[in-house]
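Please open the model in your viewer and keep the selection panel at hand. The stops below are meant to be followed in order.

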Amino acid sequence: NWVRSVAVSPLWHSAGFVYEPTRYRLTGFCRSWQKPDSSRWLTSTEPSKIIHKFCEAQAEQAPFAAYVSQLAGLNKQWGELTQQIGMAAMKNPDEVGAASMDYLMYSGYVILGYFWLRMALVAQAKLAAGEGDAAFYQTKLATCEFYFKRLLPRTAAHLAAAQAGSACMMDLPAAHFAL
């Protein structure tokens, strides 16, 4: 298990999580989501809450309703995935390490989807008002469409991999990692 622990440890440290060889503990601090009026770092559930509130507020935005719905669904799924991994980790701490990379990729895709949708809303408003560089804002809209149609669907593969469990990884004897 030590060999596997060393392989997982840098990933969790770089992601803002703390990995301990004897057990896994998610501290969930995310510095980029700091509240402007507080010195407290937001916990890992805060980004999901922010996205949820955003999707509720933007649900009726006609040109982006499908993207808002897609993002809201993925955000809900993200919360469910977090709970699934947490529950599995209570039975077997190796589950967190096995799911870590795909969980972080899934999270990143959802968060970037949120930011692209926010940029698209601003771009649409600027175009409607006739402000700024129209080509720049049209490019933002096109990139948002590309992201939601071509990149965001990758979450399905990361979801499946994160839910696959640790058995296929942990059944390999530690000695075989040297081969």
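**Stop one: the salt bridges**

Glu145 is partly exposed at 36% relative accessibility, where buried means under 20% relative accessible area, exposed over 50% and partly exposed in between, with a 1.4 Å probe and protein chains only.

This is a predicted model, in which local features need pLDDT of at least 70 and side-chain atom pairs count only at pLDDT 80 or more, while totals for chains, interfaces and linings use all residues. Residues are numbered from 1 along each chain as its sequence is written, and side-chain values use heavy atoms, with hydrogens and water left out.

The structure holds three salt bridges, so two further pairs are to be selected, according to the cut-off already given. Lys76 and Glu80 are joined at 2.8 Å, N to O, and, being four residues apart in helix H3 (residues 65–91), they are separated by about one helical turn. Lys76 is exposed at 56%, whereas Glu80 is partly exposed at 34%. In the remaining pair, the side chains of Glu131 and Lys126 meet at 3.2 Å, N to O; Glu131 is partly exposed at 39%, and Lys126 is partly exposed at 28%.

**Stop two: H2 against H4**

Next select helix H2 (residues 46–58) and helix H4 (residues 94–129), whose axes come within 11 Å and cross at roughly 35°; the axes are lines fitted to C-alpha atoms over the stretch in contact, and angles run from 0 to 180 degrees between N-to-C directions. Which residues make the contact? On H2 they are Pro47, Ile50, Ile51, Phe54 and Gln58, and on H4 they are Val110, Ile111, Tyr114, Leu117, Arg118 and Leu121, with contact meaning heavy atoms within 4.5 Å.

Stay with Tyr114 of H4, which is buried at 6% relative accessibility. From Tyr114 to Ala72 the C-alpha distance is 9.4 Å, although the two are 42 residues apart in sequence.

**Stop three: the cysteines**

Finally, select Cys55, which is buried at 5% relative accessibility, and Cys168, which is exposed at 63%. The structure holds zero disulfides, a disulfide being a pair of cysteine sulfur atoms within 2.5 Å.

Terms used: Helix = DSSP H or I, 4+ residues; strand = E, 2+ residues; numbered from the N terminus. Salt bridge = Lys/Arg side-chain N within 4 Å of Asp/Glu carboxyl O.
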